[in-house]
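Trainee: I have just opened this model and would like to learn how to read it. Where do we begin?

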Amino acid sequence: MTELLTAAQMRAIEKAAIDAGEVTGLELMERAGQGVVDAIFEEWPALRRVGETHRAVVLCGPGNNGGDGFVVARLLKEAGWEVEVFLYGDPKKLPPDAKVNYERWGQTGVTIPLSEIRRSYYQGAGLVIDAFFGTGLARPLPLECSIPIRDAYINQDQPNGPRIVALDVPSGLCADSGFFLHDDDDGRNWIGCHLTVTFHQAKLGHYLERGLTLCARIIKADIGLPPIDRRWVRGKGFVPPLPVALLSSDEKQLAGLGNRLGKAKHKHHKYSHGHALILSGGVGKGGAARLAARGALRIGAGAVTLGAPPAALIENAAQLNAIMLTAFKDADSLTETLQDKRINALCLGPGLGLGAREKELIVAALDQRSPGLDPGPQTQAARRGPGSSPGLRPIVLDADVLTHLAQDDTLFGKLHAKCILTPHAGEFARLFPDFAEKLNAPATKGPAYSKVDATRDAAKRAGCVVLFKGPDTVIADPSGRCSINASVYERSAPWLATAGSGDVLAGFITGLLARGFQPMQAAETGAWLHTECALGFGPGLIAEDIPEELPKVFQKLGV
Ligand SMILES: NC(=O)C1=CN([C@@H]2O[C@H](COP(=O)(O)OP(=O)(O)OC[C@H]3O[C@@H](n4cnc5c(N)ncnc54)[C@H](OP(=O)(O)O)[C@@H]3O)[C@@H](O)[C@H]2O)[C@@H](O)CC1
Ligand SMILES: [K+]
């Protein structure tokens, strides 16, 4: 699984390697510059052609990101390029490694103060290197720096216009939060690049908020640093919090998932695959719950029952076959149904309704205790995990239930470790207004409060898993474990933003809970599969298609 780092964590890894004598800062900078040049030639092989004139404009800043820029300038020049280098800041104040590379560059080329740059410099340039700021940006991007990048961006539309390559992060982007650090709204922050080459590991900001659009494409350059040392995480110098996992499609992750999903395959009785109960709204409001139920069934819950108010039974019966149907007049009838210990996962919210009856149903679901409850196929794991509260059923709480929770502190207080909240941005703001306010405040200082921070804080307050939806879905549990399922870059699936898609996701997670997945694992796996289904189906997808795509995804995983 890929781990995403904060700027501080990256610095800690670098420092540990340097302190241990494994590498010097200068060597790291050289490898970073080399990694960038390699990535450029791999991305655009035509730029490597000999016998042609290639020209690059390198924009360097006052820190080590600028130092990387000087290395790139030198290596391109050695490869036969014409290179013009501009520096923002005073060369005398460059940090030591950057200064060495400034001087090395000085042996073959000149460095021009950034104030002298003109648009005409971009004419005929094949490349613009953005080395103004990397992980050290702590304040809004200076206007003097954003204008040249924007000008380069404008010039890209010319025939043979320049490709813009950002070193580590597009300058201005906060590496921890993915926000663009700015101090006003004059639009100058609208810049970007064609390729981002980052070092060692991707940073959180590449997969959050504006990072999703500004980075364009991410290539990781190996600069020979060791992977994260788990001992540091336990307090020996590593910067908490824990690194955030990126749910990706790398081979290790696929193998692990295939394994986990295939586990229950050899059990033959349907109830040994769990029984999910999904509550539906009233007449004409059952579609969302039916989508969730279909998702739960397809993902492998052995049995799925939809619970509807008596008046909505006929409507639901007309639409359901493999999904069972039962009527709930009120909370008492739900409590009675929950005496069935085979029901081992619940989903409340999609289309449920905002009335008093629904509130009572939520109370009944959250209050239920069943000492002999079947914990599902992965019994041992379920007992050990953080969400293991004996006698409590795991519950996915979505949509209307999130509104109820936001309106009623007593209800919120009933949340327990086996709950999973699945808010989108609006629902998150209603549930956790203080965290949302911090998140939505203009980002003027780095590291800015991020969606990861907000989701971790929310999980801690709620005492359960929170899955904060978006193209950058962040999932966290109260212990600080956190992952991102980002539908971007090679996993970009904008067509997933379609009505009912969230209901299917709630159903996926419920089905996995029924199969015995722990809450965090169920949320992560459900979100990952949700995106994979969208990728498999492609544009034109509607919510009904998502569960129907699962068999193909399972086949790919070897389940
Ligand atoms: N870590 C690693 O393993 C490796 C890291 N490497 C590279 O180093 C980069 C990190 O370098 P970095 O820490 O020097 O930070 P960087 O982004 O260059 O900027 C800091 C400078 O900018 C200044 N400054 C900040 N904001 C400002 C503003 N708004 N307006 C004006 N000034 C501002 C700030 O000044 P200060 O705030 O200290 O006054 C400081 O002078 C990293 O992204 C990667 O490219 C590689 O070489 C290989 C290995
Ligand atoms: K940069």
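Trainee: Let's pick one spot: which residue stands opposite R55 in β3?
Mentor: Here is the general idea: strands of a sheet pair through backbone hydrogen bonds, and they do so either parallel or antiparallel. In this structure, the residue facing R55 in β3 is E82. Strands here are DSSP E runs of at least two residues and helices are H or I runs of at least four, both numbered from the N terminus. Two strands pair if DSSP finds at least two bridges between them.

Trainee: Before we go on, what sort of model is this, and how are things numbered?
Mentor: This is a predicted model, in which local features need pLDDT of at least 70 and side-chain atom pairs count only at pLDDT 80 or more, while totals for chains, interfaces and linings use all residues. Residues are numbered from 1 along each chain as its sequence is written, with chains lettered from A and ligands numbered from 1 in the order in which they are written.

Trainee: Back to the strands. In which sense do β2 and β3 pair, and over how many bridges?
Mentor: β2 (residues 55–60) and β3 (residues 82–87) pair in the parallel sense, over 6 bridges. On the way from β2 to β3 the chain passes through α3, and this β-α-β crossover is right-handed. To judge that yourself, point the strands away from you: the crossover is right-handed if the path from the first strand over the helix to the second runs clockwise.

Trainee: Which other strand pairs with β2?
Mentor: β5 (residues 127–131) does, in the parallel sense over 5 bridges. One spot to look at is L59, which stands opposite D130 in β5.

Trainee: What is the order of the strands in the sheet?
Mentor: It is an open sheet of 7 strands, ordered β4-β3-β2-β5-β6-β7-β8, with parallel pairing. β4 (111–113) and β8 (218–221) stand at the edges with a single partner strand each, so one side of each has no neighbour in the sheet. On average, neighbouring strands are turned by 25° against each other, direction ignored. For such angles, axes are lines fitted to C-alpha atoms, for helices over the stretch in contact, and the range is 0 to 180 degrees between N-to-C directions.

Trainee: Is β6 buried or exposed?
Mentor: Count neighbours: a residue is buried if 20 or more other C-beta atoms, placed from the backbone, lie within 10 Å of its own, exposed if 12 or fewer, and partly exposed in between. For β6, 5 of the 5 residues are buried, so the rest of the structure largely encloses this strand.

Trainee: Which residues of β6 lie on each side?
Mentor: In a regular strand the side chains alternate between the two faces of the sheet. In β6, R163, V165 and L167 are on one side, with I164 and A166 on the other, and both faces are covered. As for its partners, β6 pairs with β5 over 4 bridges, and 3 bridges join β6 to β7.

Trainee: Which residues does the "binding site" annotation cover?
Mentor: According to the unreviewed UniProt entry, they are N65, D130 and S171. They are spread over 107 residues of sequence but cluster in space, with a largest C-alpha distance of 9.4 Å. UniProt positions follow the numbering used here, feature names are shortened, and annotations may be inferred rather than shown by experiment.

Trainee: Where does N65 sit, and what is N65 in contact with?
Mentor: N65 is found in helix α3 (residues 64–78). N65 is buried, because 25 other C-beta atoms lie within 10 Å. Two residues are in contact if their C-beta atoms, placed from the backbone, lie within 7 Å. Leaving aside neighbours within four places in sequence, the contacts of N65 include A131, F133 and L167.

Trainee: And where does S171 lie?
Mentor: S171 lies in the loop between β6 (163–167) and β7 (195–199). S171 is also buried, with 28 other C-beta atoms within 10 Å. Beyond four places in sequence, the residues in contact with S171 include G61, D130 and C145.

Trainee: Last one: how far apart are the end C-alpha atoms of α18?
Mentor: The expected span of a helix is 1.5 Å times one less than its number of residues. For the 12 residues of α18 (residues 451–462) that gives 16 Å, and the end C-alpha atoms are 16 Å apart, which agrees. α18 is mostly covered, with 9 of its 12 residues buried. Among the elements covering those buried residues are β9 (244–246) and α17 (433–440). After α18 comes G463, with a positive phi near 75°.
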